[in-house]
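Subject: Structure handover

Hello,

Here is the structure I said I would pass on to you.

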Amino acid sequence: VSKDDSQGSKKTATVTVKVVVKGDQTGTDEDGIIAITADGFGLSQDEAGVLEPATAVEKANAKAYVIATGEEITAIEANEGNLDAIKAVTKEGGIFDLTFTAAHADKTASATVKVAVEGDQTGTDLDRSVGITAENFLVAYGDLANLTEEQVVTQSQAKAWILETGETLDI
């Protein structure tokens, strides 16, 4: 804010605030007291097999805050059931949900992200920002010549995401 004082000098005051933008990968408690945000990420099968909660929090860049004060909440937990599913990935790989939770006083907030584990049927781009998965399918030899790209996508149940945002991509 700016204001001229009685001597004609301009007086200016500023304040910096944290703005939490709620999106698909941002969660708040029901009263809007705390917020948590995280980004999806990709892993090799070797990384997935030994994924620990602290590593997941780091890879997801998970952060939590008390909205009114901007105080960072450092105790962020990764869902153990989700981690177990990621660790048990088969050679096909896959795209998994991983939920992070933060608590402060009696408030709890959660955010769920996508984790792509590379494998025979799951892939990511080089910087692991986009993940894609598809299933094997059967097509009759006589139908092969007329098989369209759209049919391949549908029959393979192909899905793709921007891992950071969880946004679904068209294939």
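The model is a predicted one: local features need pLDDT of at least 70, side-chain atom pairs count only at pLDDT 80 or more, and totals for chains, interfaces and linings use all residues. Residues are numbered from 1 along each chain as its sequence is written, and side-chain values use heavy atoms, with hydrogens and water left out.

The whole chain

The protein chain has five helices and 14 strands. Helices (H or I, at least four residues) and strands (E, at least two) are DSSP runs, numbered from the N terminus. The radius of gyration of the chain is 22 Å, well over the 16 Å that the globule rule gives for 171 residues, so the chain is more spread out than a compact globule. That radius is taken over C-alpha atoms, and the rule is 2.2 Å times the number of residues to the power 0.38. The C-alpha trace spans about 90 × 35 × 30 Å along its principal axes.

One pair of residues gives a sense of the distances. Thr12 and Gln45 are 33 residues apart in sequence, and their C-alpha atoms are 55 Å apart in space. Thr12 belongs to strand 2 (residues 10-12) and is exposed, with a relative accessible area of 53%. Here buried means under 20% relative accessible area, exposed means over 50%, and partly exposed is in between (1.4 Å probe, protein chains only). Of the 171 residues in the chain, 32% are buried.

Contacts were counted too, a contact being heavy atoms within 4.5 Å. Among the contacts in the chain with a separation of 6 or more, 57% are between residues 24 or more positions apart.

The antiparallel sheet

Strands of a sheet pair through backbone hydrogen bonds, either parallel or antiparallel. Two strands are called paired if DSSP finds at least two bridges between them.

Strand 4 then pairs with strand 6 over four bridges. Across that pairing, Ile34 stands opposite Val66, Ile36 has Ala64 as its bridge partner, and Thr37 stands opposite Lys63.

Strand 6 is joined to strand 7 by two bridges, and Tyr65 has Glu72 as its bridge partner. Strand 6 and strand 7 also form a hairpin with five residues between them, and Gly70 in the turn has a positive phi of about 80°.

Strand 8 pairs with strand 9 (residues 94-104) in the antiparallel sense over three bridges, and Glu77 stands opposite Thr101.

The core

Which residues have the most contacts inside the largest nonpolar core? They are Ile36, Ala56, Ile76, Ile86, Leu98, Phe100 and Val115, in a core of 28 residues. A nonpolar core is a set of buried Ala, Val, Leu, Ile, Met, Phe, Trp, Tyr and Cys residues joined through side-chain atoms within 4.5 Å. The elements giving two or more residues to this core include strand 4 (34-37), helix 2 (53-59), strand 6 (63-66) and helix 3. Strand 10 gives the most, with five residues.

Ile86 touches Leu43, Ala48, Leu51, Phe96, Leu98, Val115 and Val117, leaving out residues up to four places away in sequence.

Regards
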